[in-house]
Amino acid sequence: MIRRRALLGLGVVALLALAGPLFSPYPLTLVTQALVVAILAMSLDVLLGYTGLPSLGHAAYWGVGAYAVALLATDHGVGLAGCAGVGVLLAAATAAVFGLVAIRAAGTYFLMITLALGMVVWGLAFRWVSLTKGDNGVSGVPRPELLASPLPFYYFALAAAALVWITLGLLVASPFGLTLRGIRESESRMRSLGYNVWLHKYLAFVISGAFAGAGGVLWAYYNGFVSPTDVQLVTSVEALLMVALGGPGTLAGPVVGAGVIVFLKNFVSLYTKRWLLILGAVYIGVILFAPRGVVGALRGRARE
Amino acid sequence: MAEDVLRLDGVARHFGGLRAVDGVSLTVAPGERRALIGPNGAGKTTLFNLVAGTLPVTGGTIRLFGTNVTGFPPHRRAALGLARTFQITNLFLGLTVLENCLLAVQALTPVRFSMLRPVGGYPALQARARAILAAVGLTGVDGAIVANLSHGEQRQLEIALALAGAPRLLLLDEPTAGLSPAESRLMAELLAGLDPAITVLMIEHDMDIALALASRVTVLHQGRVIADGSRDEIRNDPQVREIYLGV
């Protein structure tokens, strides 16, 4: 089963790689965007789908990664490796601090606390003008020369998303990943078996934050512009919807969800400004007709 | 003389004005099979939760294998060799039978933090999990999702999870709860066949099973120990007969 899914996933990656030169410019940027956002959605799913922790502040770690790149690359001329390293580390460090506060809570309270912590980062991005340039954001983030044109960057994003998919796939299939699913199913049983549940959740939180940061790093290069919008609540909600829509507890799900949301968002906004209204309707539809998400529903049907 | 496996001194748990467990002292010796009986609301499950660490005590001390564990969280007590089952089945319902058992097998090994190899890459743990499942009579359902098992099979899995960590003290909270008479007999056989080195403290409503498996019986009533003795002593204790056996 797992082998078949891995083959299917690799097939999709290969297809996307082959299709690269065939895309016209606008679809190419959209697919690239979907791949970058998919990293955020996959990282969130480690918490939401596998550990059962609904984080509503994931834009915070994504934003820390993105701002790190934007500030280092524009003001200090730091290269890709340096920016990526610092971005991921800072995102992980932020998650390590926030996790100390958030992991004490469960369920809706966890949701509220992660939301509040996300707002703290948004507040800093918005108000700490001397560092973040406030509402104006940081523009003109330079891409490395090799990735300057859209097609190479597309391949870079594809490789990054595939790498995250493989790494997180290994993580969730590992004994540690099994402990996360155990926590999702029954914390009290995990405790009585001898697991320090807090520690496992905390580790998952930090790992998830680090990967969200990696997505943010890519986002800064993709967009060339980082502003408080990237850190705001709507970004966290969209990530949560991608996971819910695609199928929590699967890694393919968030990728599918990211694709659907990115395309819907760009397509719908051609016709109306009421994008969030459409998003809400889509979400209600999924909850009613495929509560386990698109991928979850497909797998359930395949099993029957 | 060997050290007591479990020693409670004046253990109490009050919920507001309600004294659910009210100064219980008892000792359980190595290898003993002890039944804990008492009418509904006597405080049996609360006492289990205090011993396992699920609930903090409001008074008294708990010693496990000579260590004062009164302030220990549940996982540290488990690490000392304590395992328990739950009265209301508490399993990982969305996972497979094998995954449930693997979680129990890896719980006290460093493998639980391993992230780089899939679960299948640890053949020793897999073999142990399968052996435990076979020992409780759950074979051929490794890949089944636990939510789809029958109640009887879920009770067997409860025991498997508790045994997987090779515990020295096993707390069984009504292992036959909700089982048919035939399933109860199977469960009783399974429990009778447990390694004699494992000390067992068991809550059981079915008096036949409790008295068949246990050599000593402790009777709890309104949060207090009212009798403690051999099977026959308990059977003939007039106070016990009055409040518990309803004679």
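**Figure 1. Overall dimensions of chain A.** Chain A has a radius of gyration of 19 Å, which agrees with the value near 19 Å for a compact globule of 304 residues. The radius of gyration is taken over C-alpha atoms, and the globule rule is 2.2 Å times the number of residues to the power 0.38. The model is predicted: local features need pLDDT of at least 70 and side-chain atom pairs count only at pLDDT 80 or more, while totals for chains, interfaces and linings use all residues. Residues are numbered from 1 along each chain as its sequence is written, and chains are lettered from A and ligands numbered from 1 in the order in which they are written. Along the principal axes, the C-alpha atoms of chain A fill a box of roughly 55 × 45 × 35 Å. Its secondary structure comprises 14 helices and two strands; these are DSSP runs numbered from the N terminus, with helices being H or I of at least four residues and strands E of at least two. Of the 304 residues in chain A, 50% are buried. A residue is buried if 20 or more other C-beta atoms, placed from the backbone, lie within 10 Å of its own, exposed if 12 or fewer do, and partly exposed in between.

**Figure 2. Surroundings of A:Thr94.** A:Thr94 sits in helix H4 (residues 80-102) of chain A. This residue is buried, because 23 other C-beta atoms lie within 10 Å. Leaving out residues up to four places away in sequence, A:Thr94 touches A:Ala60, A:Tyr61, A:Val64 and A:Gly209. Contact here requires C-beta atoms, placed from the backbone, to lie within 7 Å.

**Figure 3. Helix H10 of chain A.** Helix H10 (residues 197-223) of chain A has 27 residues and spans 38 Å from its first C-alpha to its last, close to the expected 39 Å. The expected span is 1.5 Å times one less than the number of residues. H10(A) is largely enclosed by the rest of the structure, because 22 of its 27 residues are buried. Just after H10(A), A:Gly224 adopts a positive phi of about 70 degrees.

**Figure 4. The side of chain B that touches chain A.** In this view, 32 residues of chain B contact 20 residues of chain A. Helix H2 (74-79) and helix H3 (97-106) of chain B each supply at least two residues of that side of chain B. H3(B) gives the largest share, five residues. By class, the side of chain B that touches chain A has 21 nonpolar, seven polar and four charged residues. Nonpolar means Ala, Val, Leu, Ile, Met, Phe, Trp, Tyr, Cys and Pro; charged means Asp, Glu, Lys and Arg; the others, Gly among them, are polar.

**Figure 5. The two domains of chain B.** The domain assignment of chain B gives domain 1 (1-81 + 167-247) and domain 2 (91-160); such bounds come from an automatic or database domain assignment. The C-alpha centres of domain 1 of chain B and domain 2 of chain B are 27 Å apart. Seven residues from domain 1 of chain B and seven residues from domain 2 of chain B form the contact. On the domain 1 side, helix H6 (residues 181-192) of chain B gives the most, with three residues. The residues of that side of domain 1 of chain B are five nonpolar, one polar and one charged.

Conventions: Two residues are in contact if their C-beta atoms, placed from the backbone, lie within 7 Å.
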